Amino acid sequence: MLPEIGQLLETGDPWEPYRLVDPTGDPVRPVALYFKDLLASNSPATTLYSYGNDLLRWWRFLWALGIEWDRAAREDARDFMLWMRLAEKPVRIHWRHRGKPGATPTARPAGKLAPGTPNSVTGKPTIGTKYAESTRAHCETALRTFYDFHLDNNSGALLINPFPLDRSRRRGRPNAHHNPMDGFKAERTGRYRPKVPERVPRRIPDDKYTEVFAGLRSDRDRALLAGWVSTGARASELLTSKERDALAGQQLIGVIRKGTKDYQQLPASPDTFVWLRIYQEEAWKKGVPRGRNEPLWWTLRRPWRPLNYHAARAMFVRANELLGSNWTLHDLRHTASFRMAEDAEMQLQYVQHILGHRYLTTTQKYLNPSRDEVIAAGVAHLARLEQRRNNPPSAPLAPAYNPDSLNVLFGGPPT
């Protein structure tokens, strides 16, 4: 286990949203320069947070071995990626007990599934104890681009990038002989980058969605769930809406898109506005701020604060616990996508625009049958085979022959 030294701090400064500090509290200057370059290239603050966690993990590895960041060799990068593959993830202390003397990591409650075990309701595996392939691939990409940046700037004593490209990619331009009529192959770009399995989108069946909806505790949560499953917006996007963005007469809700930061109006179901109005009347009576420029979603308790993604996720986790399921907020987006793609009168280009996909190929994956549909079709196929086995049909006579002639030829019953 690596010592949990150093920290990635959120500063609240738009010029430096996140800062990586060493065990003494001093900023790590190479990371600060890299973050400034990411901000200048129009990367959001969430990208800095994601890359910062990968860099913090790498710096802790270097600190544990006493290696300077610009002296790291490819053998060190190889050992680090091998450590991420074999080591156990650190079990974190609950945020309420961090900093208290004698605080220990929270143990797994009795009766819950073991890490990595598939959920009996959804079929999705629970979070495992080791780093996932996607986490390791993201870390390799972040570190390789970090060292590429400093190599271009001639920073430190760097001579090579410790995270090199794959040997098959070192010579020539990738996809040099690509046929423009074919799609691009998903090639491994890093030597130590793991193969990431393609994620199959999962939808929530209608009957299970009804059970989840019935388990919600407040009208705010019901309005949110109805909005997510009808608009197809990402969970964080719907939380950016203001009161002026909810147009019940036009059945539209305006959101800020995650990647482009563009403002877009999305069609929502009538149930969304019914539950939203009920929630607003109750909230305004309690003293929740009201105004066209005020946030649309607030916390349920004082002091009133705009609802963020982590609080919304905790709400959905509590609803899942009632059913013993492990669906995520993003599965609501998948559910809306499947519903729109299955509508014969809904063109796929419209679905692409509503979901905010850049490429139509991303939207086309929702034309494939979902996991539940495939399982239902397979079970029905086996049932039909069993029925044919128990009730075999009688073989009909060939229509080209006269039955009387066949009886005379084979000594059948007299006519």
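**Close-up 1. Q264, a residue of strand β5.** In this predicted model, Q264 sits in strand β5, which spans residues 263-267. Is Q264 buried or exposed? Its relative accessible area is 12%, and buried means under 20%, so Q264 counts as buried. Look for the side chain of R257: the side chain of Q264 makes a polar contact with it at 2.9 Å. Leaving out residues up to four places away in sequence, Q264 touches I253, G254, V255, R257, H353 and I354. One of these, V255, is also the bridge partner of Q264.

**Close-up 2. The open sheet of β3, β4 and β5.** Here you can trace 3 strands in the order β3-β4-β5, with antiparallel pairing. Which strands form the edges? They are β3 (246-247) and β5 (263-267), and each of them pairs on one side only. Strand β4 (residues 252-256) is joined to β5 by 5 bridges, and β3 and β4 pair over 2 bridges. As you follow β4, notice that 4 of its 5 residues are buried, making this strand mostly covered.

Close-up 3. Let's go pair by pair. L247 stands opposite L252 in β4. Further along, I253 stands opposite L266 in β5, and V255 has Q264 as its bridge partner in β5. Now turn to the hairpins. The hairpin of β3 and β4 has 4 residues between the strands, and Q251 takes a positive phi near 60° there.

**Close-up 4. D54 in helix α2.** D54 belongs to helix α2, which covers residues 45-65. How accessible is D54? Its relative accessibility is 4%, and D54 counts as buried. Its side chain has a polar contact with the side chain of H138, at 2.6 Å. Besides H138, D54 is in contact with C139, A142 and L143, once neighbours within four places in sequence are set aside.

**Close-up 5. Helices α1 and α4 crossing.** Two packed helices are described by the angle between their axes and the distance between the axes. For helix α1 (residues 29-40) and helix α4 (residues 133-152), the axes come within 10 Å and cross at roughly 95°. That angle makes α1 roughly perpendicular to α4. Which residues make the contact? From α1 come P30, V31, L33, Y34 and D37, while α4 contributes A142, T145, F146, F149 and H150. Sorted by class, this contact has 7 nonpolar, 2 polar and 1 charged residues.

**Close-up 6. A87 in the loop between α3 and α4.** Our last stop is A87, found in the loop between α3 (74-86) and α4. Although it is in a loop, A87 is buried, with a relative accessible area of 13%. What does A87 touch, apart from residues up to four places away in sequence? Its contacts are K130 and Y131. Along the chain, A87 and Y131 are 44 residues apart, and their C-alpha atoms are separated by 7.8 Å.

Key: Residues numbered from 1 in each chain as written. Predicted model: local features only at pLDDT ≥ 70, side-chain atom pairs only at ≥ 80, totals over all residues. Heavy atoms only, no water. Axes fitted to C-alpha atoms, helices over the stretch in contact; angles between N-to-C directions. Parallel < 35°, antiparallel > 145°, perpendicular 65-115°, else oblique. Contact = heavy atoms within 4.5 Å. Nonpolar A, V, L, I, M, F, W, Y, C, P; charged D, E, K, R; others polar. Buried < 20%, exposed > 50% of the residue type's maximum accessible area, 1.4 Å probe, protein only. Pairing = 2+ DSSP bridges. Polar contact = N/O pair within 3.5 Å; in protein donor to acceptor, adjacent residues only side chain to side chain.
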